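This briefing goes through the structure shown below, topic by topic. Please keep the sequence at hand while reading.

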Amino acid sequence: MAQRDRTLTPPFSHPRWRAWPGRAVALLLAGVVAAGFSGLLAEWQWRAVSDLWQSAYLRQVIWFSVYQATLSTGLSLLLAIPVARALHRHPMFAGRGLLLRLTELSLVLPTIVAAFALVAVYGRSGWLNTALDGVGLPFRWNLYGLQGILLAHVFFNAPLAARILLQGLERIPANQWRIAAQLGLTSGPLWRTLEWPALRRVLPGLAVFIFILCFTSFAIVMTLGGGPSATTIEVAIYQSLRYEFDFSRAALLAMVQLLICGSLWLVASRHGTNRNLVPGANDQPGTLRRDARRRDRVLLYLFLVFLALPLLAVVFRGLPGLLGEAGDSQVWWSLGRSLSVALVAAILSCSCGLAILAASQLARHSGHHLSARLLESSGHLTLLVPALVLGTGLFILLRPQLGQPHQGLALVAGINALMALPFVLQVLRGPFATLPPNSLRVADQLNLRGSYRLRWLLLPLLRRPLLLAAAYAAGLSLGDFSVIALFGSPSAPTLPLLLFQQLSAYRIEAASGTAFVMLALLFVVFYILNRWGDRRRRHPASRRLAAGEHAHA
Amino acid sequence: MLEFENLRFRYPETERVLTFNGEVGAGQCLAVTGPSGCGKSTLLNLVAGFLNAESGTLRWQEQDLQPLPPWERPVTSVFQEGNLFDHLSVQDNLGLGIHPGLKLSRADNAAVAAMLDKVGLHGMARRHPTELSGGQRQRVAVARALLRGTPLLLLDEPFTGLDPDTRQILRQLIRDQREQGAVIVLVSHDASDVESLADRHLVLTA
Amino acid sequence: MARLLFLILLTLSASLAWAGPTLTVYTYPSFVSEWGPGPAVKQAFEAQCDCTLEFVALDSSVAILHRLRLEGESCTADVVLGLDANTLSDARQTGLLAPHDIDTSAVRLPVDWQDDTFVPYDWGYFAFVYDTQQLPDPPTSLDALINAPENLKIIIEDPRTSTPGLGFLLWMRKVYGDQAPAKWQALQKHILTVTKGWSDAYFSLFMNGEAPMVLSYSTSPAYHMAVDNTDRYQAAPFDEGHYLQVEVAARLRNSPHPELARKFLQFMLTPAFQREIPLKNVMYPAIDLGDELPDVFDRLIEPSRTLYFEPQTVAEHRKAWIDEWLNATAR
């Protein structure tokens, strides 16, 4: 019995199983990007390069992209840090669960629904101005312009940031809090000694991530920007590619974007956002914090209102349409299709994420730090490279297989999975890097490798982040309409596509109903996956033992 | 017999270098003592294969251990804490000592149940480690080490902070193993542990 | 879990087998949606062609052109349906399209249509749709709009990313010529915002009551009147005339079924196809439907003048005019 385990080779335990799946994903992504650029560069003209510094328009576009993204990132983080601290100080806060679900929701909202929701609350005739009128204030909030862009970006990104920063705070070992409590540290010293050092490790990566999200934000910037001066690089790429057929300019702008965002990304990852993190004993809701204050609750309630109001607007507008929709089988079929696509996308995305992390960890352990960083960066390519360029690349790579439109949904699931990969990695990276070291050593010694390691160690230990990552991936896929339209969709629509079809047929009320269904679905997906993650699950093996015990009693 | 000769280790961050020399034969227990930071745990981790030495030799029964990964070495480690997987039941934690995929035969299950009785945890198989006291957790860890039955046991402060009863039981179990020919390397601050178990001493200096 | 995944993949990739040749038509999504003309057109054409009609919906009419350029010679589509007068020059330049070779004498457009490649299937005017409850007296001309009190706000789409946006740019150009940039500057104070596409403008903003006027089509009220039974949303007739939008189809040179493609283009100009256009594509039919034209179409505005640039002119000047607009407005 004793010798058996050391001669046994667990399935998939050869190191290539750690290295190659991740490398394959990275190669696929690099291939897509390369194909996308090569597709554009086929019509390359050098004139495009000189345009870059000669055209005042392009200079202005690049400047504005950087400017608004920097401001948006700063504001999002400025709001997220106090919110994360307040959430950490008040583990028993009454609306905590709801607030956490809402923080996850705003990011995955399809832009057209988000724009609709923000306008309903903060628009010219929105709830805010109605309220201001109601109390007789002469002041009116004007949504359109830089302030609108910032509001939207804070609405999307501050919740995500707060969520990730909260994870960072929760990774501070409980003992350190106990000591701090004994020393009677108040808010300021606590920040300096415990919170800032913990957040400092997460912040660079997070800031760059948000910067890229804002930098590449497109439809919402145009809608709320108020005019053509609010133009980001993505708009210029879209314009060059779709309307002017100036492929070299599109390729060049895409490269500028890749260069700006990519180099920021490399700088942030060089700062070792995930090294030396304290091992994660992260479920200790009863953390000893003596610095809880009433104004934290006020902040949390305000934040809750900030997130909930726009979503309520979608609900109110959607309810009447929903009654009409309920009888329409089309919406339920679309819902089914959306869910299947989202489920497949979530599973694929989490698998790709784990594969990349495993491969990069292996590379790092073998001392190949550069290739480890490149592997992880590849997972973010879908964020750095404009969707239209990716679409072109995918199209060139996949065209032989594109004969049948019926394959559309499977393809969409696959592409959604790649699009969600940056978010999945963002959620998984920290927990993956901070698995308890003793557990890993014991696992090595016990020959817990390959599929056994996945089954008995990684999946259970990463259960919560994995389910959160899956929820993000599913949510992004549920709200996606760009990919599905890129390849030529079959006549069977998913929910977002249905929404657009209803809109272009002037079925405004039905469209509002569909928006509501989509929002409700997103909420349910996040709620269920989170509940599942929180549940303490007893292992089936313990039941097996029960039988064994009886046998030997 | 475990031998290590001029076994050099360099800490990657501080560039500090440690060199270890020693040997311990079958049925013996080597106690490693010395002040904090002198590299006691490092030695155990080198033997277990969690760390790699820069140079020197490390042999078990004349066989060079250094090329072997941790799972191929005839070694079981017991740390002061963190030995158990909190997400798995006691039964599964022990079962992993027999088969890493938890594919257990009826006889294997019987062995697990018997081992639980032996360490005084009868009926606790379905509990999770978080539901046990520190002493009980350490009993499970030692039980798993015995179930694996590797000829080399590495104990890193295994009894620190445990109640006297548990200490007594665990010490007895270790002595039994030693008498059956196992080789034991023990790192401990506790003079009574060392006194009651050790045949040989290795004193490290900072 | 593995079994569940397998089942889902199986369902997703399940494909159907068909008999007879398949005619592949690239189009935009709203054409093939449940409420678009696609399903009825498919049924009517398949009843007489002994073939399968397959629509592939790309994300917009510009995306159709983009796809053509990407696929080049290897394009397997037979027909493209959904290009407009502003993209057809570029489409012609790809060299992938073939002359239609059909009788187009039935075509009735406000302008004389002579083109050997592109067959129009519907048309309409760009117009500002306004909310009668918010704005009882809308401006009656572009001039009146420009000179209206500052608190009159309108929502327009961006000419760089949307068809109506480009239509309005051409409209301004046609009316004001070289004066257009100055007029854009004067109009600037009325523009609440410039959205990426029609859906954002109409749904997210106009339907939220953000502004009483939105750039859309003169036919938009038809749907509200016929199906929603409300006269609340109307198009404002402008004295200078309205810019024309024509949607066209063409067949591909490398089509595996050239004869079938020709048959489809001919079918497009019959009542069986055209009667689906007015309420399902919410545009004017390209032939005279007589009594079959829904009554609400009689209640739409009838512009005094039709404004129109030849496609060639648009292709030549589009970039310069967009730059001009940017210079005038992006301050």
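A residue is called buried under 20% relative accessible area, exposed over 50% and partly exposed in between, with a 1.4 Å probe and protein chains only. The model is predicted: local features need pLDDT of at least 70 and side-chain atom pairs count only at pLDDT 80 or more, while totals for chains, interfaces and linings use all residues, and side-chain values use heavy atoms, with hydrogens and water left out. Residues are numbered from 1 along each chain as its sequence is written, and chains are lettered from A and ligands numbered from 1 in the order in which they are written.

**Chain A overall**

- Chain A has 26 helices and zero strands; helices (H or I, at least four residues) and strands (E, at least two) are DSSP runs, numbered from the N terminus.
- Of the 553 residues in chain A, 60% are buried.
- Among contacts in chain A with a separation of 6 or more, 83% join residues 24 or more positions apart; a contact means heavy atoms within 4.5 Å.

- Helix α6 (residues 111-122) of chain A has 12 residues and should span 16 Å at 1.5 Å a residue, which agrees with the 16 Å between its end C-alpha atoms; the expected span is 1.5 Å times one less than the number of residues.
- Because 11 of its 12 residues are buried, α6(A) is largely enclosed by the rest of the structure.
- The buried residues of α6(A) include A:Phe116, A:Leu118 and A:Tyr122.
- Helix α4 (residues 61-71) of chain C is also largely enclosed by the rest of the structure, because 10 of its 11 residues are buried.
- Among the buried residues of α4(C) are C:His66, C:Arg67 and C:Glu71.

**The parallel sheet of chain B**

- Five strands of chain B form an open sheet in the order β6-β7-β8-β3-β9, with parallel pairing; two strands pair if DSSP finds at least two bridges between them.
- At the edges are β6 (75-78) and β9 (200-203) of chain B, each of which pairs on one side only.
- From one strand to the next, the twist averages 15°; axes are lines fitted to C-alpha atoms, for helices over the stretch in contact, and angles run from 0 to 180 degrees between N-to-C directions.
- Strand β8 (residues 183-187) of chain B pairs with β3 (residues 29-33) of chain B over four parallel bridges.
- Opposite B:Cys29 stands B:Ile184, and B:Ala31 has B:Leu186 as its bridge partner.
- β8(B) also pairs with β7(B), in the parallel sense over five bridges; B:Leu152 has B:Val183 as its bridge partner there.
- Five of the five residues of β8(B) are buried.
- From β8(B), B:Val183, B:Val185 and B:Val187 point one way, while B:Ile184 and B:Leu186 point the other way.
- In a regular strand, side chains alternate between the two faces of the sheet.
- Helix α4 (residues 134-148) of chain B lies across β6 and β7 (152-156) of chain B and runs at about 175° to β6(B).
- Helix α5 (residues 164-179) of chain B lies across β3, β7 and β8 of chain B and runs at about 150° to β7(B).

- Most residues other than glycine have a negative phi.
- B:Glu15 has a positive phi near 65° and is found in the loop between β1 (2-10) and β2 (17-24) of chain B.
- With 47% relative accessibility, B:Glu15 is partly exposed.
- C:Asp101 has a positive phi near 55° and lies in the loop between β4 (97-98) and β5 (119-131) of chain C.

**Aromatic pairs**

- Over all chains there are 45 aromatic pairs; rings of Phe, Tyr and Trp (its six-membered ring) pair if their centres lie within 6.5 Å, and planes under 30 degrees apart count as stacked, over 60 as edge-to-face and the rest as tilted.
- A:Phe209 and A:Phe423 pair edge-to-face, at 5.3 Å centre to centre with 80° between the planes.
- A:Phe209 lies in helix α10 (residues 187-215) of chain A and A:Phe423 in helix α19 (residues 408-433) of chain A, 214 residues apart.
- A:Phe209 is buried at 0% relative accessible area, and A:Phe423 is buried at 8%.
- C:Phe126 and C:Tyr243 are stacked, because their ring centres are 6.4 Å apart and their planes are at 20°.
- That pair links β5 of chain C, which holds C:Phe126, with β10 (residues 242-252) of chain C, which holds C:Tyr243, 117 residues apart.
- Both C:Phe126 and C:Tyr243 are buried.
- Ring pairs also form a cluster that includes C:Tyr28, C:Phe31 and C:Phe273.
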